There are 2 protein chains.
Amino acid sequence: MNFPSKLIENAVEELAKLPGIGRKTALRLALHLLKEESEQTFLLAEAIIKMRAEVKHCKQCHNISDTDVCDICTNPLRERSLLCVVSDIRDVIAIENTGQYKGLYHVLGGVISPIDGVGPSDLHIESLLERLPGSEVREVLLAISPTMEGDTTAFYLTRKLRDQQVRITSIARGVPVGGELEYTDEITLGRSIVERTAYGKV
Amino acid sequence: MNFPSKLIENAVEELAKLPGIGRKTALRLALHLLKEESEQTFLLAEAIIKMRAEVKHCKQCHNISDTDVCDICTNPLRERSLLCVVSDIRDVIAIENTGQYKGLYHVLGGVISPIDGVGPSDLHIESLLERLPGSEVREVLLAISPTMEGDTTAFYLTRKLRDQQVRITSIARGVPVGGELEYTDEITLGRSIVERTAYGKV
């Protein structure tokens with residue numbers, strides 16, 4: 001692609017480094033910024049710089065936070081007996097948005113994936129094992145995506161958590177709400193039958 | 001959407017103002033920036049600020065440029081007898097990428113669209129009429145999208161250019177390369193027949 005300006009080319013190249021943004025989209029974004037009030041560009045630049053420079057990770061749960069310990073960990077209204085283990089911050093946001101969970105979280109920061117060179121020591125597993133003894137946590141809910149890597153991670157965690165005085169649970173697997181039985185894969189459909197629940201329970 | 005951090009929320013809000021980027025995508029971008037080296041975020045912010053602050057518009061053709069007159073206008077190898085009128089800078093880039101055009105450009109900065117409150121005086125039409133007399137331009141090629149607004153703009157321009165000593169041409173309308181006749185709309189197919197060309201001409 002030929003650009004009429006080195007400044008635009010540079011901006012397009014940086015924008016195109018973002019995930020899911022190709023050079024054509026990056027050009028559209030750059031030209032959009034040029035059309036808008038220049039203040040808009042400065043606000044955007046300031047917001048991402050400020051975020052990158054100042055955002056913290058909660059010392060307890062490794063969630064993103066503006067403070068040393070996050071709002072969820074310090075909230076006295078959250079159930080301290082329930083701890084939900086997720087791989088990513090996005091999962092925390094997704095679960096929070098359901099409004100169905102009132103316990104605490106622990107963010108692993110990924111899943112075990114030998115192909116990508118991610119082992120257990122690269123995740124926040126040690127700090128999970130350290131925070132449990134002496135805490136109020138009675139149940140650890142594993143909310144990890146049911147992929148190969150996710151299942152491996154969950155399996156590793158259950159082994160590590162075996163000696164702790166906690167109940168280990170997992171989010172339900174089954175046919176998604178609005179999904180059609182016919183198009184549901186065999187494994188999911190099979191598990192939804194094996195793990196059937198009393199009708200009208202939820 | 002509940003965010004664990006005001007800083008992230010702010011960054012997501014600013015990113016989501018970009019066209020085609022919703023809040024979910026914006027969050028993905030923000031979390032991506034948090035995972036990458038912080039230098040990456042600063043480079044991105046610097047690139048867009050620098051672009052917004054320093055980019056210029058060519059005084060002759062209104063194309064984007066790093067200098068007062070753009071590289072195309074100053075290039076002695078371009079044909080000065082041919083002037084291509086486009087609505088947007090993106091069209092210049094698209095035409096340049098074809099490698100088929102060696103003339104000059106004139107960027108209108110939009111199309112006439114009464115619904116959006118854009119009249120002829122909001123476009124760079126006056127400067128087009130001013131640059132023609134005494135110039136080497138012998139042909140004005142209208143390369144404006146064949147939409148209702150585009151056609152209105154083209155019609156307006158042909159009226160305005162009538163008294164100038166230039167030939168007015170338009171990019172060919174027809175069946176796109178790789179397109180199937182069966183799925184081509186009637187108007188396009190009809191025009192491709194009326195404006196048929198000698199076989200093997202291009």
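Good morning. I begin with one contact: the side chain of Asp66(A) makes a polar contact with the side chain of Ser5(B), at 2.5 Å. Please keep in mind throughout that this is a predicted model.

A polar atom of the Asp66(A) side chain lies 2.8 Å from the backbone nitrogen of Lys6(B). Where in chain A does Asp66(A) lie? Its place is the loop between strand S2 (64-65) and helix H4 (71-74). Asp66(A) counts as partly exposed, because its relative accessibility is 28%, a value between the 20% limit for buried and the 50% limit for exposed.

Which residues does Asp66(A) touch, if we set aside those up to four places away in sequence? From chain A they are Val55(A) and Lys56(A); from chain B they are Pro4(B), Ser5(B), Lys6(B) and Leu7(B). Met51(A) is 15 residues from Asp66(A) in sequence, and their C-alpha atoms are 9.3 Å apart in space.

Let me turn to how the two chains are related. Chain B is superposed on chain A by a rotation of 180° with 0.0 Å of shift along the axis, and the RMSD is 0.1 Å. The two copies are therefore related as by a two-fold rotation axis. In chain B, the C-alpha nearest that axis belongs to Ala45(B), at 2.3 Å. Both copies use the same surface: 100% of the contact residues of chain B recur in chain A.

Next, the nonpolar core. Which members of the largest nonpolar core touch the most other members? Among its 78 residues, they are Ile8(A) and Ile8(B).

Regarding domains, the assignment for chain A gives domain 1 (6-54) and domain 2 (78-171). The C-alpha centres of these two domains of chain A lie 35 Å apart.

Finally, the aromatic residues. How many aromatic pairs does a search of the whole structure find? Two, over all chains. In chain A, Tyr101(A) and Tyr105(A) form a tilted pair, 5.1 Å centre to centre with 55° between the planes. Are these two tyrosines buried or exposed? Tyr101(A) is buried, with a relative accessible area of 7%, and Tyr105(A) is buried at 1%. Tyr101(B) and Tyr105(B) also form a tilted pair, with 5.1 Å between centres and 55° between planes, and both are buried.

Thank you for your attention.

Definitions and conventions
Residues numbered from 1 in each chain as written. Chains lettered and ligands numbered in written order. Predicted model: local features only at pLDDT ≥ 70, side-chain atom pairs only at ≥ 80, totals over all residues. Heavy atoms only, no water. Least-squares fit on C-alpha atoms with pLDDT ≥ 70 in both. Contact = heavy atoms within 4.5 Å. Domains from an automatic or database assignment. Helix = DSSP H or I, 4+ residues; strand = E, 2+ residues; numbered from the N terminus. Buried < 20%, exposed > 50% of the residue type's maximum accessible area, 1.4 Å probe, protein only. Polar contact = N/O pair within 3.5 Å; in protein donor to acceptor, adjacent residues only side chain to side chain. Core = buried A, V, L, I, M, F, W, Y, C linked by side-chain atoms within 4.5 Å. Phe/Tyr/Trp six-rings, centres within 6.5 Å; stacked < 30°, edge-to-face > 60°.
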